[in-house]
Amino acid sequence: MKRKVLITGVNGLLGQALVQTLKEQYQITGIGLEESPFLPTDGWEYHPIDITQTRELKTFYKELCPDFIINAASFTNVDQCEVQKELCWRVNVKGVENLAMMARRNQAHVVHYSTDYIFDGKNGPYSEDERPNPINYYGKSKLASENTLLKENFPVTIVRTCVLYGIGVRVKTNFFLWVLEKLQQQAPFQVVTDQYNNPTLVEDLAMGTQLILEQQMTGIFNLAGPEVLNRLEFARLIARVFGYSPDLIGETRTETLNQLAPRPVYGGLKIDLARVSLGYAPRPLNEALEYLKRKIQQHG
Ligand SMILES: NC(=O)c1ccc[n+]([C@@H]2O[C@H](COP(=O)([O-])OP(=O)(O)OC[C@H]3O[C@@H](n4cnc5c(N)ncnc54)[C@H](OP(=O)(O)O)[C@@H]3O)[C@@H](O)[C@H]2O)c1
């Protein structure tokens with residue numbers, strides 16, 4: 001019999017990749033805020049459930065009683081987290097407390113995603129055991145969510161990742177999609193040179209999560225792409241792979257963007273632990289972009 005997996009935030013970029021990666025091997029139930037799922041429900045089930053609504057979540061959870069909870073639900077707009085602090089905390093921390101309350105009932109294994117934004121970006125890339133020091137509200141809420149889970153007795157895996165990119169059905173824009181859209185417009189635009197981290201193909205993150213489930217690994221793991229580079233380098237690589245002139249992209253610096261939330265500058269994550277102990281093998285950035293190019297050509 002297939003083991004039962006509950007995936008939260010299933011309509012998001014990562015949630016969709018998780019369903020597609022795990023549905024053959026596991027019995028998947030996905031929950032999200034929308035009335036209907038963005039992906040067709042072939043081989044998995046969907047329920048519109050908000051992780052902050054304790055009573056509804058409890059009733060639904062009692063019935064399902066999953067072996068694993070994968071929490072891909074989050075308030076992810078980093079600048080909006082500065083404005084809507086209460087909502088950010090409710091989703092990113094209280095929602096996780098609710099999931100912990102559920103997991104306690106049946107000792108379910110919880111896999112939860114966090115970010116390199118829990119660090120201040122003074123000297124990344126960071127390994128799993130370095131001291132967090134978030135500099136924006138999103139980072140603070142994600143660190144609090146990690147701490148909520150790490151004090152529990154049921155099995156917990158914290159997966160830290162950064163700069164997710166990929167395509168999905170009706171997903172919010174991500175850096176890769178934004179750059180591609182700008183390139184398609186053929187007008188010059190600017191990208192920052194002073195923000196470093198490792199872009200992570202969402203399918204590779206889902207594959208890493210599958211390894212965690214198979215091996216039932218607990219603890220903290222960095223699952224990110226293999227190369228640390230700045231956003232301009234990433235954008236110019238996208239241009240080259242997709243057949244646009246990299247010269248369309250000029251350079252700028254973070255302070256010119258006037259973003260509401262301060263950004264960690266030298267961020268990124270070291271992935272050696274995941275490579276050695278999980279067998280995590282994310283594809284090189286160039287290959288990942290070629291893969292996306294083929295996927296876009298096939299699916300539009
Ligand atoms: N994206 C990145 O670059 C990045 C980097 C580092 C870490 N991460 C982490 O990776 C995880 C997945 O990110 P992602 O890029 O897939 O984010 P995403 O596309 O924004 O997906 C998050 C999903 O959670 C849903 N959601 C929000 N509040 C909810 C609630 N109360 N109950 C149930 N679902 C709720 C959202 O629905 P709505 O869209 O309707 O609000 C959305 O479908 C998050 O934990 C994020 O913090 C992401």
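Guide: In helix α6, residues 175-184, the buried residues are F176, V179, L180, K182 and L183. A residue is called buried if 20 or more other C-beta atoms lie within 10 Å of its own, exposed if 12 or fewer, and partly exposed in between, with C-beta atoms placed from the backbone. Helices (H or I, at least four residues) and strands (E, at least two) are DSSP runs, numbered from the N terminus.

Visitor: Why are the buried residues of α6 said to line one face of the helix?
Guide: Seen down the axis of α6, they fall within an arc of 160°, so they line one face. The arc is that of the directions from the helix axis to the C-beta atoms. An α-helix has 3.6 residues a turn, so residues three or four places apart point the same way.

Visitor: What does the face of α6 turned away from its buried side carry?
Guide: That face carries the exposed residues E181 and Q184. The buried residues of α6 pack against β7 (164-165), β8 (189-192) and α8 (231-241).

Visitor: What kind of model is this, and how are its residues numbered?
Guide: This is a predicted model, in which local features need pLDDT of at least 70 and side-chain atom pairs count only at pLDDT 80 or more, while totals for chains, interfaces and linings use all residues. Residues are numbered from 1 along each chain as its sequence is written.

Visitor: Where does Q186 lie, and why does it count as exposed?
Guide: Q186 lies in the loop between α6 and β8. It has 9 C-beta neighbours inside 10 Å, and the limit for exposed is 12 or fewer, so Q186 counts as exposed. Q186 also has a positive phi of about 60°, although it is not a glycine.

Visitor: What makes R170 exposed?
Guide: R170 has 9 C-beta neighbours inside 10 Å, and therefore counts as exposed. R170 lies in the loop between β7 and α6. Its phi is near 55°, a positive value in a residue other than glycine.

Visitor: Why is β5 said to be largely enclosed by the rest of the structure?
Guide: 7 of the 7 residues of β5 are buried, so the strand is largely enclosed. Both of its faces are covered, with H109, V111, Y113 and T115 on one side and V110, H112 and S114 on the other.

Visitor: How do you know that β5 pairs with β4 and β6?
Guide: Two strands pair if DSSP finds at least two bridges between them. Strand β4 (residues 68-71) pairs with β5 in the parallel sense over 4 bridges, and 6 bridges join β5 to strand β6 (residues 156-161), also parallel. For F68, the bridge partner in β5 is H109; for S114, the bridge partner in β6 is R160.

Visitor: How do you know that α1 is mostly covered?
Guide: 9 of the 10 residues of α1 are buried. Among them are L13, L14, A17 and L18.

Visitor: What makes a set of residues a nonpolar core, and how many residues has the largest one?
Guide: A nonpolar core is a set of buried Ala, Val, Leu, Ile, Met, Phe, Trp, Tyr and Cys residues joined through C-beta atoms within 7 Å. The largest here has 79 residues, and those with the most contacts inside it are I7, L14, L18, I69 and V202. The largest share of this core, 8 residues, comes from α4. Leaving aside neighbours within four places in sequence, V202 is in contact with L13, L14, A17, L164, Y165 and G166.

Visitor: What makes the peptide bond from G124 to P125 cis?
Guide: Its omega is near 0°. P125 has its place in the loop between β5 and α5 (137-150).

Methods: Contact = placed C-beta atoms within 7 Å.
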